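Let's take a walk through this structure together.

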Amino acid sequence: MEKELLQEDSQIIVIIFIAIFVLLFMAIALVVFFFFSRKKILATELEKANLALSHQKGILQATIETQEQERERIAQDLHDAISAKLNVVSLSTNVLIDGNLTIEEQQEALKHILNVTTNTLESSRRLAHNLLPPILDKFGLAAALEELCDEFENSKKVSVENNIVYNDSLTKNKELHIFRIIQEFMNNAIRHGQATVLNLSIEDIKNTIKIKFIDNGVGFDAQTLEDKAGLGLKNIQSRIDILEGELAYKSGKGIGTTFEIKINNS
Amino acid sequence: MGCYLKSFARKSKAFKIFTIYLVSMSIIQVSSTFLGKILHQENLFLSHYFFIAQFLFLSLFYKELLKSKYIIGVLIFGLIYIIYQYFDDPNLYFKYNAIGITITQSIIVIYTIIYFYKSLAINNKFIVINIGVFLYLTSSTLIFASGNLIFNLKISEAMNYLLININRILYFVFQILIFIEWRKNYYKKTLKSL
């Protein structure tokens, strides 16, 4: 009787032991699980950080490249439009100083100089205007965009429709970014898309500015563009990032291109 | 424990609370040994102070780590419940409070799991201590909870000692983890500051 009772009690103890070890085992398993999950999560985070870093590097590179291209273009413009013409002026003046000319010839030379100088002045004004349109600073984004549309319509043989509603709700800095983006859209549409009709509309409703730009050009393949986004589009994207906006576009052969940008201005 | 005491003054609040916890635990253990082994008197009542102090200080410790005010609420509720238990049954003082131990240790185990979850993405301090608390409390809950049962059972001394020794081993592992944590986080800094 006594022995039997002892045996029964021992069994309970054995069960308690087993339970303790099972608990301990589960606890250790949980700790191991914790460490493995943590390792995995940290690895994913690292990968994400690296991706973001390489993206940033890409944007930086694109910015530097664009800057270089822009410098090259300005240098070219300065050389073609101003240096060359000033050279002519300098030459003509030298001839005048040498002084072996008749009065009529002198008059002719002076007229020529005046002519060239006027041209040069106009060119330099246009150059400066292209670099930073003064109207943007003086009269705001809406006026500047309307002028841009008019310029394109007058000079580039395209018809530009515009419908701009804008309440001056952004800072000057952001306005310049929007202006540049639309300038780039128009240049791309004409240079790469051979578009003949452009349509620009801007809405400014309740803290959100909606910009829609449509052209009837040849369009591009949106899929392939994702991979090797051209400099222009990368530039646009980084400007939109600065504006904290969203860009959506739709394009295809034969249907033209539509860009839509949403910017929060609060 | 000495290591923790040494760097007590210039550490965070969580660190200080944990040090107080270690000190109170060791005081209870020393007095328990003193009563039992040297004076040969009943020392079971110390287990109540042991688990209440453990609940109190570890709750405050995790309140610092998890930055949650609910822990204070849970702590107050737990303490009220335990006090009620002793009012309800004064004889409990001379037994193991199995329910009290189980409830308080389970609550701490839940905190450790929440802390594990919070440490998944970031490298938090005290993670080794957290592992130690988690392992020790999970497994020792059952040992303490079965305390009363074992006293009533007629089992051999050997079996009884085995159970106590398992608890001792677990507690030793816990201590080692605490030491590793100290070494990992503070040993280098101590060297630098010298």
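Start where the two chains meet: 16 residues of chain B and 19 residues of chain A take part in the contact. Keep in mind that what you are looking at is a predicted model. Helix 6 of chain B gives the most, with 7 residues. What kinds of residues does chain B use to touch chain A? Sorted by class, there are 12 nonpolar, 3 polar and 1 charged.

Now look inside chain B. The largest nonpolar core has 32 residues, and those touching the most other members are L58(B), F61(B), Y62(B), I108(B), I129(B), V133(B) and Y136(B). Two or more residues of this core come from each of helix 2 (13-38), helix 3 (46-66), helix 5, helix 6 and helix 8 of chain B. Which helix gives the largest share? That's helix 6 of chain B again, with 10 residues. Zoom in on I129(B): leaving aside neighbours within four places in sequence, I129(B) is in contact with F18(B), L177(B), I178(B) and E181(B). There is also a second, separate core of 29 residues, and its members include L136(A), L141(A), A189(A) and A195(A).

Two packed helices are described by the angle between their axes and the distance between the axes. For helix 4 (residues 70-88) and helix 5 (residues 98-118) of chain B, the axes come within 11 Å and cross at roughly 175°. Angles over 145 degrees count as roughly antiparallel, so helix 4 and helix 5 of chain B are roughly antiparallel to each other. Helix 4 of chain B makes this contact with V74(B), G78(B), I82(B) and Q85(B), while helix 5 of chain B uses G100(B), I103(B), T104(B) and I107(B). Those residues split into 4 nonpolar, 4 polar and no charged.

In chain A, 5 strands form an open sheet in the order 1-2-3-5-4, with mixed pairing. Pick out strand 3 and strand 5 (residues 256-264) of chain A: they run antiparallel and are joined by 8 bridges. K210(A) stands opposite K262(A), which is in strand 5 of chain A.

Helices lie across this sheet, too. Helix 3 (residues 134-155) of chain A lies across strand 1 and strand 2, running at about 170° to strand 1 of chain A. Helix 4 of chain A lies across strand 2, strand 3 and strand 5, at about 15° to strand 3 of chain A.

Most residues other than glycine have a negative phi. Q194(A), however, has a positive phi, near 50°, and sits in the loop between helix 4 (172-191) and strand 2 (197-205) of chain A. Is Q194(A) buried or exposed? Q194(A) counts as exposed, because it has 12 C-beta neighbours inside 10 Å. K206(A) has a positive phi as well, about 45°, and lies in the loop between strand 2 and strand 3 (208-215) of chain A. With 7 C-beta neighbours inside 10 Å, K206(A) therefore counts as exposed.

Notes. Residues are numbered from 1 along each chain as its sequence is written. Chains are lettered from A and ligands numbered from 1 in the order in which they are written. This is a predicted model: local features need pLDDT of at least 70, side-chain atom pairs count only at pLDDT 80 or more; totals for chains, interfaces and linings use all residues. Axes are lines fitted to C-alpha atoms, for helices over the stretch in contact, and angles run from 0 to 180 degrees between N-to-C directions. Helices (H or I, at least four residues) and strands (E, at least two) are DSSP runs, numbered from the N terminus. Angles under 35 degrees count as roughly parallel, over 145 as roughly antiparallel, 65 to 115 as roughly perpendicular and the rest as oblique. Two residues are in contact if their C-beta atoms, placed from the backbone, lie within 7 Å. Ala, Val, Leu, Ile, Met, Phe, Trp, Tyr, Cys and Pro count as nonpolar, Asp, Glu, Lys and Arg as charged, and the others, Gly among them, as polar. A residue is buried if 20 or more other C-beta atoms lie within 10 Å of its own, exposed if 12 or fewer, and partly exposed in between; C-beta atoms are placed from the backbone. A nonpolar core is a set of buried Ala, Val, Leu, Ile, Met, Phe, Trp, Tyr and Cys residues joined through C-beta atoms within 7 Å. Two strands pair if DSSP finds at least two bridges between them.
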